[in-house]
Amino acid sequence: MTYSQARYMLTRLSIMGGLLWILMLISQINRQNVLQQIELLMLFGVSVIAPLGFRLTTVLPLTEKMPWVHILSIAFFLLSIPAVTAALYQPTGILAGILSLAWLAQTGGFALCGLWRFLNRRTLAINHLCVDAALIYAPISGVWLVAYCFGFPLLTFDPVLVLLTGVHFVYVTMGALIIAGMVGNLLEGSGVWPMYRAIAWVNVVSPALVAAGITTTQFTGRIALEALAVLIFASSFVLLSLLMGSRHLPDAPGVRMLILLSGGALLVTMALALAYSSGRFTGWWTLTIPQMVRWHGWLNAVGFTLCGLLAWNLLPQARATKFDMIPFSRLPWRWTIHSDFFERIDAVDTGTDSHPTGIVENWDMYRQPNFNPNEVTPEIQAFYEFTADHVLLVYPEWQPGFKGLARIYKRISKAIGQMNFPLEAESDETHITSQIVPLRDDRDGRTGVRGWIRTYTDTEETVYVAAYAIHTHSERKYMNIAFPLPGGNLTSILRLENMAETQGGVSLTSYGNAREDQGVYLVTAVGPVRLPINEIIDVYPQAKLYERFPSGFERGLIVAQHRMWLFGKHCLTLHYSISPAAK
């Protein structure tokens, strides 16, 4: 199933759910009490709001196939919507409770989709995190609906409050938080983005605060924490409603009107929520639950949530929001790596007549608007195109506070045979020999892949084993490097830059903004995760003054400085001296 097919199916599901909801409404039109009104709100959220909201989470390129958790979640709507309709149509009890388990399973699928989205993201962008959090929060509504249908007084709540809590989390998760994320997609890069970012963080955290406040009130009788949580929650969404009326709205008149209606309804419903909570806290006035259901509940369901979701589903920009996809290596993992790794996994391409000597075929492959390979000195170009014909001398400089951890790390890296950094200079781990091998694209999953195996010349122990490739996205070309590890691989995506401070140098960096691919990722069968690790590799021509080498350390034609950061703290610099090998 492609994402285009998924959105089409979710559209049809929301229409089907709407028809079922209308049938339920007609069947109860002459006997509606407050509990039946709340049941209709719950069914509207499950059958109409949830498919429309979930449709906005399917935002990968239209030609990409969906992950299995998304496919199952979409298909399961065919069971969960009729099951919840049947559960709410009959009295609470065992049968209703069993039927309601379908919604708990549905929301569990949402949570898995939220985790998949979060783990496959390069950066912690708050507009995308709003959507992730919406899906991860979703099972809370499933738990409360199951409790209501079985007739179980969860947290000693009476049936009305049990069902109202379930309704609240349906509309917060599949409506409010997803709309908050869509607003962020619209405002990203605008002048109000810093304001949006602060509001959105509160949007994400406040539902948990409200849940904690309600629970505390129920067990202690003290309403202060609940009132404070509601104040934070409602205020953050009031501010969001003001941003929805900003001048950054899309030009399409119908969509603009829906967004304005949604924002206006949100302003009113949050004012009612504040009035209800403050009235309970102060005792100065009273809003009853039937009044809140009639005005807050339905205005929130139809005015804010339905209008908002319709607007963003009609908006092309929302459907085309980019979800981060990078071509990661699919090489199988082993418990140990070492220099024979590629042979052990049958990844070496023995069918090719040419034997590469560099990690790139031609330096000109990286030509792009922001990088001119002609400005790089011939010596540096020769190193990347004929890597195996060069000898490397390395001098480590561990930063204060990391030397003790480095000794522990050294034991592990040496045993695994991967990223086996030296601890000291002037040791038998100074001279490095390189070997370049062609790798099978069908085994790796990327194209034009080459393996670079580095070993210490004196001990023949493995330093690095890495699979190098290049990938392009939005006219930017990246060096895509996979380091095999037990359980998966560590992938470093580096952006190339001409060095301004030196003539002919090049800098490779993992730093960048959320719109670019660079970064350091842990890639496993579960998916890739962006790590709090960064690196910059600066490669200089010989003319660069390089005072960091210890006295007597041989200076090569090229010198390089490989700096690494962990959680933003500079932990290690590897200084390299690089020269052509003696013929």
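Helices here are DSSP runs of at least four residues, numbered from the N terminus. The model is a predicted one, and in it proline 91 sits in the loop that links helix H3 (68-89) to helix H4. Because exposed means over 50% relative accessible area, proline 91, at 66%, is exposed. Its C-alpha lies 7.9 Å from that of cysteine 149, although proline 91 and cysteine 149 are 58 residues apart in sequence.

The protein chain has 583 residues, and 54% of them count as buried. Its secondary structure comes to 16 helices and 12 strands. Contacts in the protein chain between residues at least 6 apart in sequence include a share of 68% that join residues at least 24 apart. The accessible surface of the chain is about 25,100 Å², and carbon and sulfur atoms account for 63% of that surface.

Two helix pairs can now be followed in turn. Two packed helices are described by the angle between their axes and by the distance between those axes.

The loop holding proline 91 lies between H3 and H4, and H4 belongs to one of these pairs. Helix H4 covers residues 94-119 and helix H5 covers residues 126-137; their axes come within 7 Å and cross at roughly 150 degrees. Angles over 145 degrees count as roughly antiparallel, and H4 and H5 are therefore roughly antiparallel to each other. The crossing of H4 and H5 is left-handed. On the H4 side, the contact is made by Thr107, Phe110, Ala111, Cys113, Gly114, Leu115, Arg117 and Phe118. On the H5 side, the contact is made by His128, Leu129, Val131, Asp132, Leu135 and Ile136. By class, the contact of H4 with H5 has nine nonpolar, three polar and two charged residues.

What is the angle at which the axes of H7 and H8 cross? Helix H7 (residues 159-187) and helix H8 (residues 193-220) have axes that cross at roughly 170 degrees and come within 10 Å. That angle makes H7 roughly antiparallel to H8. From H7, the contact takes in His168, Phe169, Val172, Leu177, Ala180, Gly181, Val183, Gly184 and Leu187. From H8, the contact takes in Trp193, Tyr196, Asn203, Val204, Pro207, Val210 and Ala211. The residues of the contact of H7 with H8 divide into 12 nonpolar and four polar, with no charged residue.

Technical notes. Residues are numbered from 1 along each chain as its sequence is written. This is a predicted model: local features need pLDDT of at least 70, side-chain atom pairs count only at pLDDT 80 or more; totals for chains, interfaces and linings use all residues. Side-chain values use heavy atoms; hydrogens and water are left out. Axes are lines fitted to C-alpha atoms, for helices over the stretch in contact, and angles run from 0 to 180 degrees between N-to-C directions. Helices (H or I, at least four residues) and strands (E, at least two) are DSSP runs, numbered from the N terminus. Angles under 35 degrees count as roughly parallel, over 145 as roughly antiparallel, 65 to 115 as roughly perpendicular and the rest as oblique. A crossing is left-handed if the near helix is turned anticlockwise from the far one by less than a right angle, and right-handed if clockwise. Contact means heavy atoms within 4.5 Å. Ala, Val, Leu, Ile, Met, Phe, Trp, Tyr, Cys and Pro count as nonpolar, Asp, Glu, Lys and Arg as charged, and the others, Gly among them, as polar. Buried means under 20% relative accessible area, exposed over 50%, partly exposed in between (1.4 Å probe, protein chains only). Accessible areas come from the Shrake-Rupley method with a 1.4 Å probe; for residues, only the protein chains shown count as cover.
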